[in-house]
Amino acid sequence: MAQSVNDAVPQRPSPPVLVNDFANILTQDQQNTLEQKLVAFDKESSTQIAIVLVKNLQGYEISEYALAILRKWGVGQKDKNNGVVLLVSLEDRKLRIETGYGAEGPLPDATCKHIIDEQIVPHLKEKDYYGGLDLGTDAIIKALKGEYT
């Protein structure tokens with residue numbers, strides 16, 4: 001295990017992108033399609049959603065790891081703390097939606113759990129990672145707009 005979770009978290013790519021596939025799961029076309037959707041939402045709403053796919057969590061709890069990414073990478077606007085990280089750990093078979101304080105209102109833990117269970121997990125079980133991430137980010141966007149039920 002690294003000395004701290006911040007040491008375990010990968011460096012944010014430069015230039016920064018919103019779709020970060022450190023596990024090499026998605027095709028370049030899939031990454032580009034997700035990236036275009038997330039960039040458009042960021043421009044429209046000023047809320048950033050980052051997808052991070054890792055091979056494993058290096059022994060850390062997924063909540064701790066996701067929060068470290070949110071903070072270390074500075075996802076979202078600093079003054080609004082409105083970033084969202086969708087983290088998938090392949091080998092650990094875990095995923096989490098971590099929200100900055102400014103995104104917790106429209107995207108509380110119960111909604112995140114529902115999105116994970118209903119939109120993302122069924123696709124991951126079928127090894128359709130792109131499908132799960134695509135539907136999951138659609139649901140996150142709807143929730144942030146106040147349209148998700």
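This is a predicted model: local features need pLDDT of at least 70, side-chain atom pairs count only at pLDDT 80 or more; totals for chains, interfaces and linings use all residues.
User: Good. Which element gives the largest share of the lining of the largest pocket?
Analyst: Helix 4 does, with three residues. Strand 3 (84-89), strand 4 (94-99) and helix 4 (109-125) each contribute at least two residues to that lining.

User: Which residues line the largest pocket?
Analyst: The lining consists of Val88, Ser89, Leu90, Arg93, Lys94, Leu95, Val121, Leu124, Lys125, Lys127 and Tyr129.

User: And how many of them are nonpolar, polar and charged?
Analyst: Six are nonpolar, one is polar and four are charged.

User: What volume does the largest pocket have?
Analyst: The space in the largest pocket comes to about 270 Å³.

User: Moving on, what is the volume of the second largest pocket?
Analyst: Its volume is about 200 Å³.

User: Which residues lie closest to its centre?
Analyst: Of the 14 lining residues, Leu70, Arg71, Val75, Asn81 and Gly100 are the closest to the centre of the second largest pocket.

User: How does the lining of the second largest pocket divide by residue class?
Analyst: That lining holds four nonpolar, six polar and four charged residues. For the largest pocket, the division was six nonpolar, one polar and four charged.

Methods:
Residues are numbered from 1 along each chain as its sequence is written. Side-chain values use heavy atoms; hydrogens and water are left out. On a 1 Å grid over the protein atoms alone, a cavity is a set of points where a 1.4 Å probe fits but cannot get out, and a pocket is an open set with protein on both sides within 12 Å along at least five of seven lines; lining residues have an atom within 4 Å of a point. Grid points are joined across faces, edges and corners, and a volume is the space filled by probe spheres set on the points. Helices (H or I, at least four residues) and strands (E, at least two) are DSSP runs, numbered from the N terminus. Ala, Val, Leu, Ile, Met, Phe, Trp, Tyr, Cys and Pro count as nonpolar, Asp, Glu, Lys and Arg as charged, and the others, Gly among them, as polar.
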